[in-house]
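Subject: Structure handover

Hello,

Here is the structure I promised to pass on. Please open it alongside this message; my notes follow below.

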Amino acid sequence: MSVSLFQRPFFRAYRALWKLARPFLKRSPRLADGWNERLVPDDWLEKDAPPSGGHGVDIWIQAASGGEARLAVAVCRNLGADIPLRVLVTTWTRQGRDVLEAALPSLRESHPQLTMLVRFAPFDEPDIVRKAVSLASPRLVALLETELWPALMAACREKSVPVHVFNGRINSSTAHFGKIFPALMADIAPSSIHAVSRYDKKMFADIFPCPADVMPNIKFDLAADNLSLPLSEHSSAPGGSDPVFLFASVRQCEETRIPGQLSRLYRAVPNAAVIIVPRHLHRVGTWKSVLEDLALMPLLASELPPGRILPRRRVLIWDHFGDLPGLYASARAVFVGGSFGQGGQNFLEALSAGRVPCIGPSAHNFLWAMGTGDSSMPSLEEAGLLHVAHTPREVIDIMIRQAASARDRASVRREFQAWLAPRQGGAARTARLMEEALLS
C-alpha cells in the first residue's frame with residue numbers, strides 16, 4: 001500500500017508543486033536559514049544519533065515555531081528522568097530552534113538519560129520527507145497542534161511508524177482539505193488524536209477515522225509555570241515614567257488598522273509611550289514605513305541607546321525577539337495582535353505578567369485559551385481577564401481606560417492562577433501517553 005500511496009495523483013501533483021516552489025522558498029529569509037538541513041543531507045542525524053536497535057531516535061516531535069517548541073520542551077521535561085530516550089524535535093523557524101537549543105542545558109541536567117536532537121523541519125516534499133523518516137527511523141512521531149503534513153504522515157504509514165497528534169488543533173483549511181480528499185485522509189490517519197477542545201475533536205473526527213479524545217492544553221501548563229515565578233518588576237521598555245501602551249505580537253492584519261488610531265491615543269494621553277512589537281521580525285520594515293507615512297516618527301529599539309528614554313510622541317518598534325515578558329511588565333495597557341483577521345496570537349503571556357489583555361474580534365485560533373464552550377467554568381472574558389474589541393477604535397478606547405485605572409498586577413495573577421487550576425496537566429499527560437505508546 002505504501003508504494004501506491006505515493007504514486008497517487010495527489011502526491012504526484014504535491015511533489016511537482018514542491019519542486020516548482022523550491023526556488024521561491026529559498027528567497028524567504030525564514031526558510032533560507034538552515035536550507036541544506038531542510039533538504040535532509042545523508043548525515044542529517046548521523047553525528048548525534050547513530051542508529052541503535054534499528055532506530056535513530058525513539059520519538060520525533062514536530063513543532064511549528066517558537067510557541068510549539070515551548071510545548072515540546074514542556075513535554076520532554078515531563079518524560080521519565082530515568083528512561084533512556086533519544087528525542088528528535090524539528091521546527092520550521094529560527095525562533096523555534098532558539099527556544100529548543102536554549103532548553104538543552106537544563107534538560108541534560110534534569111534528564112541525564114535523555115538525548116534531545118534539534119533540527120530544522122524537512123520540507124514536506126515526498127522524496128525529502130521519506131528520506132528523513134528513513135534516517136530517523138523513529139519508534140513514534142508526535143505532531144503538535146496543527147502540524148498535519150501529508151507527506152510526513154504518508155511516509156510514516158509507509159514505514160509503519162505510528163503517528164500521534166497531541167495538543168491538537170485544526171483550522172478550517174485543513175478541515176476543508178480533508179473533506180476533498182477523504183480516501184487520502186483515511187490512508188494517512190494518525191494512530192490517535194488528542195485535541196484541545198470538543199470542537200477540535202469533532203473536526204478531527206470528521207476527516208480522520210481514528211480514536212480521538214480531549215486533553216488539557218499544554219499552553220495552560222506554560223502559563224502556570226510563568227505564574228510560579230516571582231512577579232517580575234523588570235522593565236524592558238524605555239518609557240521612563242510615561243504610561244506604556246504595548247501593541248504585542250501584531251501581524252500584517254493590524255498594519256492598516258492600528259497606526260491610524262494612534263493619533264487618537266496621543267490626543268487622549270499626550271505623554272503615552274507607544275511600543276509596537278511585530279510578531280514576525282521581517283515585518284519591521286513595513287511597520288516603519290507605514291508609521292513614517294503617518295508622520296508618527298518611528299524609532300527602532302536597536303537604534304535607541306541603552307538607558308535613553310523614548311522621546312515623546314515617537315513610536316518605538318521592537319526589533320528584538322524574546323523580550324515580551326519584560327515589556328508586559330512595564331505596560332499600563334496591552335493589545336495582543338493577529339486578532340483582526342488572522343486568528344489571534346497567544347495572549348496568556350500578558351496575563352502571566354499581571355496585565356489584562358485586549359484583543360480584536362478574530363481569535364478563532366485561540367478559542368481554547370478563552371475558555372469558552374464549558375458552561376461549568378467561566379471564560380476569561382466572563383472572569384474579567386480579557387477584553388475583546390470589535391474595531392480598532394474600540395481597541396484604543398479600551399486601552400485608554402486600562403491605563404487610567406490599571407489593575408494591580410499581583411491580583412490579576414492570582415485570579416488567573418485560580419482560573420488556570422482546573423485546566424492544567426497537558427504536558428504530563430502527553431509524556432505518559434508517549435511512554436505508553438513506546439511500550440506498546
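What volume does the largest cavity have? About 50 Å³. Please keep in mind that this is a predicted model. A search of the whole structure turns up one cavity of 30 Å³ or more.

The cavity

Nine names to look up here, if you want to colour the lining: Trp60, Gln62, Trp92, Ala121, Pro122, Asp124, Val129, Trp149 and Leu152. By class, seven of the lining residues are nonpolar, one is polar and one is charged. Empty space of this kind is found by rolling a probe the size of a water molecule over the atoms.

The seven-stranded sheet

Next, the sheet. Seven strands form an open sheet with parallel pairing. Their order is S3-S2-S1-S4-S5-S6-S7. Strand S3 (114-120) and strand S7 (212-214) are the edge strands. Each has a single partner strand, so one side of each lacks a neighbour in the sheet. From one strand to the next, the twist averages 20 degrees.

Look at the S3 end in detail. Strand S2 (residues 85-91) pairs with S3 in the parallel sense, over seven bridges. Thr90 has Arg119 in S3 as its bridge partner. Helix H6 (residues 94-110) packs on the sheet and touches S2 and S3. The direction of H6 makes about 165 degrees with that of S3. As a reminder, strands of a sheet pair through backbone hydrogen bonds, either parallel or antiparallel.

Glu125

Is Glu125 buried or exposed? Glu125 counts as buried because its relative accessibility is 2%, and the cut-off for buried is under 20%. Leaving aside neighbours within four places in sequence, Glu125 is in contact with Trp18, Lys19 and Arg22.

The second largest pocket

Helix H3 (29-32) and H6 each supply at least two residues of the lining. The class count for the lining is three nonpolar, four polar and four charged residues.

Leu246 has Val334 in S12 as its bridge partner. Strand S12 (residues 331-336) is mostly covered, with five of its six residues buried.

Ala268

One last residue. Ala268 sits in helix H13 (residues 262-268). Ala268 counts as partly exposed because its relative accessibility is 45%. How far apart are the C-alpha atoms of Ala268 and Asp397? They are separated by 9.5 Å. Along the chain, Ala268 and Asp397 are 129 residues apart.

Best wishes

Methods. Residues numbered from 1 in each chain as written. Predicted model: local features only at pLDDT ≥ 70, side-chain atom pairs only at ≥ 80, totals over all residues. Heavy atoms only, no water. Pairing = 2+ DSSP bridges. Helix = DSSP H or I, 4+ residues; strand = E, 2+ residues; numbered from the N terminus. Axes fitted to C-alpha atoms, helices over the stretch in contact; angles between N-to-C directions. Contact = heavy atoms within 4.5 Å. Buried < 20%, exposed > 50% of the residue type's maximum accessible area, 1.4 Å probe, protein only. 1 Å grid on protein atoms, 1.4 Å probe; cavity = no way out; pocket = protein on both sides within 12 Å on 5 of 7 lines; lining within 4 Å. Points joined across faces, edges and corners; volume = space filled by probe spheres on them. Nonpolar A, V, L, I, M, F, W, Y, C, P; charged D, E, K, R; others polar.
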